[in-house]
Amino acid sequence: MKTMASQGSQTAVPFDSNWRPIMECAALEVFEMMAGVRLEIDTACTEEPHGEQTAMVGMAGALCGMTTLRCSRATATRFASLMLGGDAASNPSTARDAIGELCNMIAGNFKAKVTNLADHCMLSVPTVITGEDYSMSTGEPTVGVTLALKFDGEPIWVSLITHS
Amino acid sequence: MKKLRVLIVDDSSVMRKIIERSLRQAGLDLSEVLEASNGAEGLAEVQKGPLDMILSDINMPVMDGLEFLKNLATLESAKGVPVIMITTEGSEARVVEALSAGAKGYLRKPFTAEQVKERVAPLLGGVL
């Protein structure tokens, strides 16, 4: 059986700064197809990502790192309602599940658009952190891209963080 | 129109609901929708009665979709039941592996109801 660790022997695909528009396209497509909303790209945003909900999907193989999606609890709940219809998202676990899946699909959609990544980079199942007071550190230097998006004026951040 | 009994296997309850809604939007008349959150639970559901179709995620904890497929092949109750694999991965290799293990089709997330219909309709023998 293939494991994420066994993908490590693949030829590494280095981070490319030209991936920003690819990640933008991947993220916008996912929100549009699964939640039926067209998000705006907030090019003027200078804020650091914040919000009580952070979804993370690990990437291993030709590209190692993670994709994250961060937003407020209220925004996560709205996405869950949009994805499920009606008031289906009153349960907090449903909102967490929804942003975990959105993050998973963004990561998958992104790697499907990058040559040599689709077959050589595996994704973990999503993890969702609730709470704002945390910091993240990795054992290796990282390089990546962060997109600031807006939905009805509310900020959402999508980040690709790769081990350099 | 024949009423259908389907099994949806995905670790996300949100995705299970979205898949069910997409099947209904595609025009399927569902009499019963069984749900499982991983392959092991899916195998237990398969043994509870005849199914018309199974839709399964690939990347799941406990037992992933490819292991589920391989185990399904050993079950008498799953013989002839079409399986569609649903993947976020976009990996041709995993799709080929799934098709080789007996899947009849695949669907890549994110998807539209129309894409679900395109994949499902040919496997239901003119039900749609």
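**View 1. The salt bridge between chain A and chain B in the predicted model**. The count of salt bridges between these two chains is one. Its partners are A:Glu101 and B:Lys109. The closest N and O atoms of A:Glu101 and B:Lys109 lie 3.3 Å apart.

**View 2. Polar contacts across the interface of chain A and chain B**. The rule finds 11 residue pairs in polar contact across this interface, both residues of each pair being at pLDDT 80 or more. On the side of chain A that touches chain B, two or more residues come from each of α1 (19–35), α2 (73–84), α3 (92–113) and β4 (121–123) of chain A. Among these elements, α3(A) gives the most, with 10 residues. By class, this side of chain A has 15 nonpolar, six polar and five charged residues.

**View 3. Extent of the interface between chain A and chain B**. In this assembly, 26 residues of chain A are in contact with 26 residues of chain B. Chain A and chain B bury about 2000 Å² between them. Of this buried area, 58% is on carbon and sulfur atoms.

**View 4. Confidence along chain B and for the complex**. Chain B has a mean pLDDT of 91, and 97% of its residues reach 70 or more. Within chain B, confidence is lowest in helix α4 (residues 92–100), at a mean of 87. Helix α2 (residues 39–46) of chain B has the highest confidence in that chain, at 97. For the complex, the predictor gives an ipTM of 0.87 and a pTM of 0.90.

Technical notes:
Residues numbered from 1 in each chain as written. Chains lettered and ligands numbered in written order. Predicted model: local features only at pLDDT ≥ 70, side-chain atom pairs only at ≥ 80, totals over all residues. Heavy atoms only, no water. Contact = heavy atoms within 4.5 Å. Buried area = accessible area lost by both parts, 1.4 Å probe. Salt bridge = Lys/Arg side-chain N within 4 Å of Asp/Glu carboxyl O. Polar contact = N/O pair within 3.5 Å; in protein donor to acceptor, adjacent residues only side chain to side chain. Helix = DSSP H or I, 4+ residues; strand = E, 2+ residues; numbered from the N terminus. Nonpolar A, V, L, I, M, F, W, Y, C, P; charged D, E, K, R; others polar. pLDDT = per-residue confidence, 0-100.
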